[in-house]
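Thanks for coming, everyone. Please bring the model up on your screens, and I'll walk you through a few spots.

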Amino acid sequence: GSELGDDWRWLSELRFMYLPHGSSTDLSSTTRFDNTVLDYTDFGRTVRWGSINIERAYIEKTIHPLLTVRVGHFLTPYGIWNVDHGSPVLIPVTRPFIVGENLFPRTQSGIELYGTLNLEATQIGYHLTVSNGRGPIDTYQDLDHNKALGGRLYLRQDLMDIGIATVGISGYRGQFTDRHTAYGVDPSGALTTSYPIDAQRDELSLAADLKWQWKGLLLQSEAILNEATYTNGGRPESLNAAFGGPPGFAADYRNRGYYGLAGYRTPFLGIMPYLFYEHYWQRALASESKAWRGGLNIQPTPRVVLKAELVRATIVRGLGIDGLTIYLLDF
């Protein structure tokens with residue numbers, strides 16, 4: 001990040017990865033990417049190259065406490081988890097189902113307006129976004145020229161002797177479009193170019209969140225709903241066949257879920273024992289999942305955090321494995 005002067009700021013965040021080495025092209029594929037290449041600096045011995053993921057990159061200008069204009073690639077301002085973002089702030093090891101499954105887009109490319117109003121013990125804040133929406137190349141191109149709109153409104157209240165409470169609501173409305181380039185020849189013999197739609201759906205996402213902090217106690221919860229309706233001519237083939245089901249076309253769907261977290265930060269080495277529960281209904285695959293997590297979040301210094309948790313996850317139904325329970329130990 002950089003302060004550019006006159007209330008201008010720049011921020012970029014990069015994630016270094018080993019991917020795509022070892023990953024598959026899709027859920028039904030058994031073929032993995034192999035990033036092994038010959039290293040010209042080491043007599044042609046093999047090396048595996050990695051990649052860079054641009055988490056966010058934007059420039060912003062503060063015009064007034066009630067108005068900052070941000071332009072570029074930014075985190076979608078919704079809920080608690082996506083806004084906090086940084087690992088030292090987040091308590092569990094992994095993201096909840098509803099956050100990891102991107103019921104809201106995790107990031108967007110476009111314009112964001114935000115600001116806050118402070119009234120003694122009360123803070124009111126807002127975010128408004130206009131972006132390319134979602135798509136296979138939404139970070140730098142809008143394939144439907146139909147901009148997505150989103151926003152968040154929150155209230156943070158200092159409750160004096162009983163801590164600080166924050167409540168928020170968020171929304172997003174956009175269209176996902178995937179196209180390919182097709183070439184042809186018209187009756188005059190001239191080369192033609194068209195861009196047929198492979199998939200297109202209208203999306204609506206809504207969320208509510210609540211967070212309460214009092215001394216070492218932390219309680220927080222989020223609930224998210226995402227529904228999608230395919231357009232005429234934009235309905236792709238169903239994924240059912242990949243999971244042993246009959247072939248066909250994808251149905252409109254509504255995914256929803258929630259989670260709840262309770263933890264207490266002790267004064268000894270900043271150790272926080274916590275308990276976490278989540279429930280997720282994924283109608284696109286007619287599945288239902290839930291999980292319990294219990295763990296320790298150890299924060300000996302503000303910038304160093306160690307985490308360990310035991311997970312009990314159950315696929316209640318769907319994916320052809322009804323009732324499957326998995327136990328995981330994550331660090």
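Start at glutamine 175: its relative accessibility is 10%, so this residue counts as buried. Buried means under 20% relative accessible area, exposed means over 50%, and partly exposed is in between, with a 1.4 Å probe and protein chains only.

Before I go on, the ground rules. This is a predicted model; local features need pLDDT of at least 70, side-chain atom pairs count only at pLDDT 80 or more, and totals for chains, interfaces and linings use all residues. Residues are numbered from 1 along each chain as its sequence is written, and side-chain values use heavy atoms, with hydrogens and water left out.

Back to glutamine 175. It sits in strand β10, residues 164-179. Strands (E, at least two residues) and helices (H or I, at least four) are DSSP runs, numbered from the N terminus. What do the side chains of glutamine 175 and aspartate 202 share? A polar contact of 2.7 Å. Glutamine 200 also makes one with glutamine 175, side chain to side chain, at 3.3 Å. A polar contact is a pair of N or O atoms within 3.5 Å; within protein, one must be able to donate a hydrogen and the other to accept it, and residues adjacent in sequence count only if both atoms are side-chain atoms.

Next, the largest nonpolar core. It has 20 residues, and Trp81, Ile91, Ile98, Phe104, Ile224, Tyr259 and Leu261 touch the most other members. Such a core is a set of buried Ala, Val, Leu, Ile, Met, Phe, Trp, Tyr and Cys residues joined through side-chain atoms within 4.5 Å. Strand β16 gives the largest share, four residues.

Now aromatics. The whole structure holds eight aromatic pairs. Rings of Phe, Tyr and Trp (its six-membered ring) pair if their centres lie within 6.5 Å; planes under 30 degrees apart are stacked, over 60 edge-to-face, and the rest tilted. Take phenylalanine 97 and tyrosine 280: centres 6.3 Å apart, planes at 40°, so the pair is tilted. Phenylalanine 97 is in helix α2 and tyrosine 280 in strand β16, so the pair ties together parts 183 residues apart in sequence. Buried or partly exposed? Phenylalanine 97 is partly exposed, at 26%. Tyrosine 280 is buried, at 5%.

Last stop, a charge over a ring. Arginine 201 lies over the face of phenylalanine 176, 4.2 Å from the ring centre. The test: NZ of Lys or CZ of Arg within 6 Å of the ring centre and within 35 degrees of the ring normal.
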